[in-house]
Amino acid sequence: MAERQSASPTPSSPPQQQAPQQQAPQYLLNSKKNFKVKVLNGREVERHPLNSITKTDDTGKPKQSALSSNASSLQSAAAAASSSTTTDIDPLNNNSNDNTTIDPLNNPLERKNDPLSETIATMGGLKLIKENHLTNYVDENFMPWDTLKPSILQQYTSDDSNPIQVSFMSTGTSGKIKIPINRLNKILEELEQDKEDSKSTQSSQPDIIMDLETLHSELLKAWAAEERVRSLKIAIQTAKLLSDTSLIKFYPSKFVIATEILDTFGNLVYDRIKKRLQTSKESKNHEILLKEQAKETCRNWFYKIASIRELLPRLFVEISILKCYEFIQGDVNTEPKQVINRISEMIRGIGNPLVANYIRAYLTRRSFDLCPEYKKFIIQLLKDFVFTQKSYEKSKYLENTLAMYRITLTDYMGLYSPSLEWLLQCLAHKATPETLEEVLELFRESKNSLLLNHIISSFPPEYICSNSTMFSNFIKDADTLSYPKYQLYSTFGVNLVLGHPPKNQILSILNDVWKVVTNFENIKDYISVAEVFIEYVLTHCSEKETDVFLKDILRHIIPEKGYETIQSHLQSIVLKIFTHISDFGKLVSLTNFLPLLDLFNGESQKQISRSTLEALSTSKVMTSDPILINTFLTYGKALHDSLNSLSFQDEVRQVTQLVVNCINKIDFGRDVEKQLNFYVECRQTFINFDGVKNRLVYGVCEICEKTLTLVKGKHTPKTTSFIRACVAYCFITIPSIDDIFLKMNLYLVSSSVALQNQALSQADALLKAAITFIQEIPPILEFKQVKSTEDWTISYISDFISLLVVTPGHPESGPFYLVKALYKVIKEYQWESSSTAKSKLFIQLLLLCSSWAQTSLPYHIEKVESNDQLFTEDPEFNTELTEFYNSLIKEILYDLNLLKDEPDNLTQKKVGIICIDLINALLNVGELNSKTASLIFNLYNMAKKIIPSTCFNEITYLKNTLAFIGTIESKMGQDIFNKLSQQ
């Protein structure tokens, strides 16, 4: 091997080629260092050394395992295994599933319950979203109007292709709308007319929304300009729009938008009067005067509204400022309950029953601001609704209305749903059972299914459950024209889930309901009810009833492949099952559960596969059940195949972690051969997941350690073959991993395990492959930000060198072929221009040479003959070791010569540290002769000169090194100390 030699022992001299025959002074290794030979005894640890898979370093990449980071831990498991003198155990002949061996890898991260999988399906008018109302009277069980508005705007439209957008409403559908100038002028001209009965032509839905946008904008402008009369006209014009039902499907949404404008008007009036009541610290007479002026202003507003000739706008505008009655309490007929009763009776004058019911809803909503506890009038409003419906059913009005608008009775009655829902919610909030009975009398009188649906959805579940048999009979006898029966059962089922039916009626209720539901001909109607009642069965019944229920579902959906049209409903059913049954073993024991999972396809299959793996990964017990394993591999493969190169990396990472968690749950105990076969299947199934292959290699290494423990460190021929198969698995799997950092760690861990299990040739192949792949480690990473990998690479190679200390040399290639290959790779690696990494690693190799020069290595692997036993007495070995030692020093000096003139302070500091490190290395492992002493002297002076004065830690390191030199008892050591101290 060609060597570089400096002209003098100073590090500043460039190296020269040395003729082979030239005999020059050499740097010599000290072969008499007093190393304390270590044969580590086994001890119990909290964390298995193989369980380093989740650690990361500064580069964001996994660190090497504890096995590779400290070679002294290599033989801990082996020593523990050999410490016992009991008879050997052959794990390949033991098929028991005794899980006495602790598996530290089988501890997946805790996963919190997914709130999305715990939601309860809501059907019909039942809403489970709860918010706090501004009024103190209501609590979290009351759903405010602001929560209802977005769903109404989304559901009730005459144009399903264009969502309703309103700029002044704080809903999920808000957005800016550009109003044509001609449309704006038309609306403004109508507002300027003195006549209140100006008629408007029929408009489209976008035109109406534009009109309302304009009215809202003009209202704010008029009020800001203190044009009160104009503001009132705008409110009247807004209310008039609610008399038009020509776009009948859009009417509920139009009501929401128009009443938003009326609310704005009412709030502006109320805030203005309230502001006039705010007084400063003035005389009491002035305060009384202000109050009288405010009352007079309030009365004037009501007088103006009372002068509106048309009933509809008069009612809407008065209701909008209803809260203002609190300013004039004490006047005649201004008591809140009297006012509300009067308006509720006036509503009877509205001829259109749809418009009348929405005015009732508006009155109920605004009366909450005045006296929320008063509810008697709501009963009367509901009676008026029932009376109106019965009256129109007897006449031809209903028939003519359906023909005019070309809609069915079910669709027409559905337009009443938001108003009825609000009326009954206000009535049912903090209601008594007597109130429920009073409302039920109205249902018995009307037989209106829509009314029954909102009664069930509005009153507390406890009330519904205590009368569950009665409600079941009501639904059974209800008509199907005004409201679909399947939605009634769905609403009823949600209440049964939320409440607590009498225990002696649980099965009877289910049987009564299902006698009707199972005869539904429409599969979507059937599955909508089943989607709700599956949770009833899971909550209140046993697993036997759950399995029977699933059997009935399969009986309905399998014929003619009906399940293909109801994938979302089936997905909801499965998610609820996963939520309520956490033990995956119990799930698999349900005869009809796995057949249900087989019915999914496309995107639904992907979601269900993920949910299935989540359920398995959260299981609290280990398993080796072949059915569970087959289920995992089947749905894991479906999830794996659903991802490709275009998938988001975050999604791939999540799925990978999910699969790893599932693998952690599979344990065959002492049957290590079955465990290896399982890992082989997993590698074939999850070929594209680096994280899974990483876990599999660690799992195989764990099998090797478990086998070594079971045989007490004494392998039989059969276990030796098994160990070789395991190492071969690692050797084949590791190259398929794309992540170079994972790959390098696995090579180091696998080779360590191979050495522990006396698989020397396999360990040699793994180490050789690792050296080859070092060149592929990128110098920098470019992910979000540019980051150097130098520290990681130095740490990795240092750990690699520590393993080479105990790695025996090759019988044919000699003891140095791995070390020299590593030396060459380090030398040729593309380090950064000002990097001292190469010198750092060469110093590590100096320490390796020192260890090999000893008659006994500082640590060993049990039953593995290292180089101290194989080559120490060989003169050729010692000669080649000394030559390699000298070549390392020359390479270090050559690098220092290149870097010492760099102007960068950081580089200067690094060079100074290398000088000090080399001094300490020479003092610890080298023989102190004249050449070594001269080199130490020059290195010290270079470090002293080159280290910046601001680097306190480095200067302290230099001083401590000088102090250490002073402790050397030899004459040459004292001479060096004296010379350096006198400078």
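**A loop threonine and other sites**

Modeller: Threonine 807 is found in the loop between α35 (790-804) and α36 (817-828). Helices here are DSSP runs of H or I with at least four residues, strands are runs of E with at least two, and both are numbered from the N terminus. This is a predicted model, in which local features need pLDDT of at least 70 and side-chain atom pairs count only at pLDDT 80 or more, while totals for chains, interfaces and linings use all residues. Residues are numbered from 1 along each chain as its sequence is written, and side-chain values use heavy atoms, with hydrogens and water left out.

Threonine 807 has a relative accessible area of 6% and is therefore buried (buried means under 20%, exposed over 50% and partly exposed in between, with a 1.4 Å probe and protein chains only). Not counting residues up to four places away in sequence, threonine 807 touches Leu755, Leu767, Leu818 and Asn867; contact means heavy atoms within 4.5 Å. Leucine 760 is 47 residues from threonine 807 in sequence, yet the two C-alpha atoms are 8.5 Å apart in space.

Glutamine 758, in the loop between α33 (740-756) and α34 (760-773), has a positive phi of about 60° although it is not a glycine. Its relative accessibility is 25%, so glutamine 758 counts as partly exposed. Lysine 863 lies in the loop between α37 (837-852) and α38 (867-870). Lysine 863 is not a glycine either, but has a positive phi of about 70°; at 48% relative accessibility, this lysine counts as partly exposed.

Serine 611 sits in α27 (residues 602-617) and, leaving aside neighbours within four places in sequence, is in contact with Leu575 and Phe578.

Now the helix pairs. The axes of α28 (residues 626-641) and α30 (residues 672-685) come within 10 Å and cross at roughly 20°. Axes are lines fitted to C-alpha atoms, for helices over the stretch in contact, and angles run from 0 to 180 degrees between N-to-C directions. That angle makes α28 roughly parallel to α30 (under 35 degrees is roughly parallel, over 145 roughly antiparallel, 65 to 115 roughly perpendicular and the rest oblique). On the α28 side, Ile629, Phe632, Leu633, Lys637 and His640 meet Phe678, Glu681, Cys682 and Thr685 of α30. By class, this contact of α28 with α30 has five nonpolar, two polar and two charged residues; Ala, Val, Leu, Ile, Met, Phe, Trp, Tyr, Cys and Pro count as nonpolar, Asp, Glu, Lys and Arg as charged, and the others, Gly among them, as polar.

Helix α17 (residues 449-458) packs with helix α20 (residues 485-498) at an angle of about 15°, their axes 9 Å apart. These two helices are therefore roughly parallel to each other. Ser449, Leu452, Asn453, Ile456 and Ser457 in α17 meet Gln487, Leu488, Thr491, Phe492 and Asn495 in α20. The contact of α17 with α20 has four nonpolar, six polar and no charged residues.

For the whole protein chain, there are 43 helices and four strands. Of its 983 residues, 55% count as buried.
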